[in-house]
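Biologist: Please take a close look at the first helix in this chain. I would like to know how it is built, what packs on it, and what its neighbours look like.

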Amino acid sequence: MSARARLTTSELVLLAVLAVVFGFLYWALVQAWAALQLAMGPFGDLAQHVLIGGWMVAAPLATYIVRKPGVGVVVELVAAFVEVAFLASPVGPMLLVVGLVQGVGAEAAFALTRYRRYGWGVFALSGVLAGLASTALGTVRFGWLGQDWFAWRLGLQVLSGLVLCGLLARVLGDALARTGVLDNTALGRARRASAAPAPVRVDGAPAATAEAPGVVGGAREPVPVPLPDGTTARADETAGPGPS
């Protein structure tokens with residue numbers, strides 16, 4: 001790993017905090033899922049797909065803040081571990097596989113830009129890819145492909161990934177950055193750089209420019225000319241009178 005991609009101590013602490021916080025938030029979302037499942041009645045089986053993006057938002061958020069390869073996947077994995085080890089997730093250890101797949105899907109969009117672009121379009125793609133990755137895993141695990149509601153599952157997972165994973169991650173990151181708590185992160189530095197005033201330009205030219213020798217303030221200054229006796233004189237003093 002290059003020195004540029006190596007995580008600093010402060011970044012490791014930040015990622016650990018994000019993982020633990022989202023581990024608890026993901027567990028709380030499970031409770032919301034149960035309530036939504038009841039509220040949707042005969043369509044309750046689709047409730048998980050409506051909320052699925054919320055279980056993947058940590059990956060693009062971590063990537064947005066730290067901007068180094070792998071951080072989104074790591075945060076999703078640790079958040080899943082928190083759910084399994086401390087909150088008795090009903091999914092069990094399989095949740096680690098789920099977190100890995102969803103994290104890879106969400107971070108793939110940023111990897112495609114080599115972690116250089118963080119516009120809304122990249123976040124939208126992150127959410128869509130996370131939704132597709134989640135659907136692919138669910139299809140393998142539960143055989144969704146042969147079921148009548150497969151199109152609904154796919155559409156809801158992609159839409160939820162787009163909104164609750166990709167776009168929400170950008171909103172959360174910007175909101176946190178505005179508080180100042182992320183000033184020492186890659187996101188904070190990028191925001192300061194983009195907010196720095198541009199150099200003042202006058203008439204389309206830079207405010208400060210290098211001038212050619214003998215030119216001061218746009219006007220040519222007389223150039224000293226050596227004389228045979230060792231002294232110097234200005235060029236305009238050595239020039240004889242012009243032709244009459």
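Modeller: Here is the helix, followed by its surroundings. The model is predicted: local features need pLDDT of at least 70, side-chain atom pairs count only at pLDDT 80 or more, and totals for chains, interfaces and linings use all residues. Residues are numbered from 1 along each chain as its sequence is written, and side-chain values use heavy atoms, with hydrogens and water left out.

Start with the extent. Helix α1 covers residues 9-39, 31 residues in all. Helices here are DSSP runs of H or I with at least four residues, strands are E runs of at least two, and both are numbered from the N terminus. From first C-alpha to last, α1 reaches 45 Å, close to the 45 Å expected. That expected span is 1.5 Å times one less than the number of residues.

Next, the record. An unreviewed UniProt entry annotates residues 12-34 as a "transmembrane region", along with 94-113, 120-144 and 150-169. Its positions follow the numbering used here, feature names are shortened, and such annotations may be inferred rather than shown by experiment. In the model, residues 12-34 are 100% helix and 0% strand, with end C-alpha atoms 33 Å apart.

Which residues of α1 are buried? They are Glu11, Leu15, Leu18, Ala19, Phe22, Gly23, Tyr26, Leu29 and Val30. Buried means under 20% relative accessible area, exposed over 50%, and partly exposed in between (1.4 Å probe, protein chains only). An α-helix has 3.6 residues a turn, so residues three or four places apart point the same way. The cover over the buried residues of α1 includes α2 (47-51), α3 (58-66) and α4 (71-87).

Threonine 185 sits in the loop between α7 (150-179) and α8 (186-195). It touches Leu14 and Ile65, leaving aside residues up to four places away in sequence. Contact means heavy atoms within 4.5 Å. Threonine 185 counts as buried because its relative accessibility is 11%.

Glycine 41 follows α1 with a positive phi near 55°. Arginine 67, in the loop between α3 and α4, has a positive phi of about 60° although it is not a glycine. Arginine 67 is partly exposed, at 21% relative accessible area.
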